[in-house]
Amino acid sequence: MVTTKLSLSAIALGSNLGDSRAILEAALRKLDQTLGVTVKFCSSWYKTAPVGPPQADYINGCALLEVQLSPQKMLETLLGIEQEFGRVRQEHWGPRTLDLDLLLFDDLILQTPELQIPHPRMRQRAFVLVPLVEIAPDWVEPVSGQSIFQLVQKLDCSGVELLSDTSLVGFTK
């Protein structure tokens, strides 16, 4: 359901199966074509070491979206797009064709069985904060009260490598 209220949302994108970069860019285009969602900014793409069981490196990035959806509907939209791109949940933190995480939604703090905003582990993950600081350094994470720039300063970011030629046609950085 599309609402009249316009909200700003931040998402993380990741993939380590298939043509990850093509999958991530196609997922952004799909999001931008979704009623009630406009992709405003996209970070560069980064190669990152996996968290969890042994597996291939990931390509990760973040995007800022203007949305006219509720947080719950936004989550449903992200999960639906993951499924369209062949996401199968077999192993906790296992490899995946597409991972879309809802990180922030305005300054909302929400905790339900299905959805936590801000994302509960984003403050500990360099593969999320490094691309996010590129497009939203001043966004204040509402639980900690700190900006994304302040949060990323506390992390070891050595496992996050900027990929060359990461421009994404159609979305501004």
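This is a predicted model: local features need pLDDT of at least 70, side-chain atom pairs count only at pLDDT 80 or more; totals for chains, interfaces and linings use all residues.

**Labels and their cut-offs**

User: Why is Asp107 called exposed?

Analyst: Asp107 has 61% relative accessibility, so it counts as exposed. The scale is this: buried is under 20% relative accessible area, exposed is over 50%, and partly exposed is in between (1.4 Å probe, protein chains only). Asp107 sits in the loop between strand S5 (99–105) and strand S6 (110–111).

User: What makes Asp106 partly exposed?

Analyst: Its relative accessibility is 24%, so Asp106 counts as partly exposed. Asp106 also lies in the loop between S5 and S6. Its phi is positive, about 50°, although Asp106 is not a glycine.

User: What counts as a helix or a strand here?

Analyst: Both are DSSP runs, numbered from the N terminus: helices are H or I with at least four residues, strands are E with at least two. The chain has four helices and ten strands. From the N terminus, the order is β-α-β-β-β-α-β-β-β-α-β-β-α-β.

User: Why are H1 and H2 called oblique to each other?

Analyst: The axes of H1 (residues 20–32) and H2 (residues 71–84) cross at roughly 135° and come within 11 Å. Angles under 35 degrees count as roughly parallel, over 145 as roughly antiparallel, 65 to 115 as roughly perpendicular, and the rest as oblique. The H1 and H2 pair is therefore oblique. The axes are lines fitted to C-alpha atoms over the stretch in contact, and angles run from 0 to 180 degrees between N-to-C directions. The crossing of H1 and H2 is right-handed.

User: Which residues meet between H1 and H2?

Analyst: From H1 come Ala27, Lys30 and Leu31; from H2 come Met74, Thr77, Leu78, Ile81 and Glu84. Contact means heavy atoms within 4.5 Å. The residues of the contact of H1 with H2 divide into five nonpolar, one polar and two charged. Ala, Val, Leu, Ile, Met, Phe, Trp, Tyr, Cys and Pro count as nonpolar, Asp, Glu, Lys and Arg as charged, and the others, Gly among them, as polar.

User: Is Ser20 buried or exposed?

Analyst: Ser20 has a relative accessible area of 7%, so it is buried. Its place is in H1. Leaving aside neighbours within four places in sequence, Ser20 is in contact with Ser15 and Ile59.

User: What makes Leu69 buried or exposed?

Analyst: The relative accessible area of Leu69 is 5%, so Leu69 is buried. Leu69 lies in the loop between strand S4 (58–67) and H2. Its C-alpha and that of Val37 are 7.6 Å apart, although the two are 32 residues apart along the chain.

User: Why is H3 described as largely enclosed by the rest of the structure?

Analyst: Nine of the ten residues of H3 are buried, so the helix is largely enclosed. Among them are Phe127, Leu129, Pro131 and Ile135. Over the whole chain, buried residues make up 48% of the 173 residues.

Note on methods: Residues are numbered from 1 along each chain as its sequence is written. Side-chain values use heavy atoms; hydrogens and water are left out. A crossing is left-handed if the near helix is turned anticlockwise from the far one by less than a right angle, and right-handed if clockwise.
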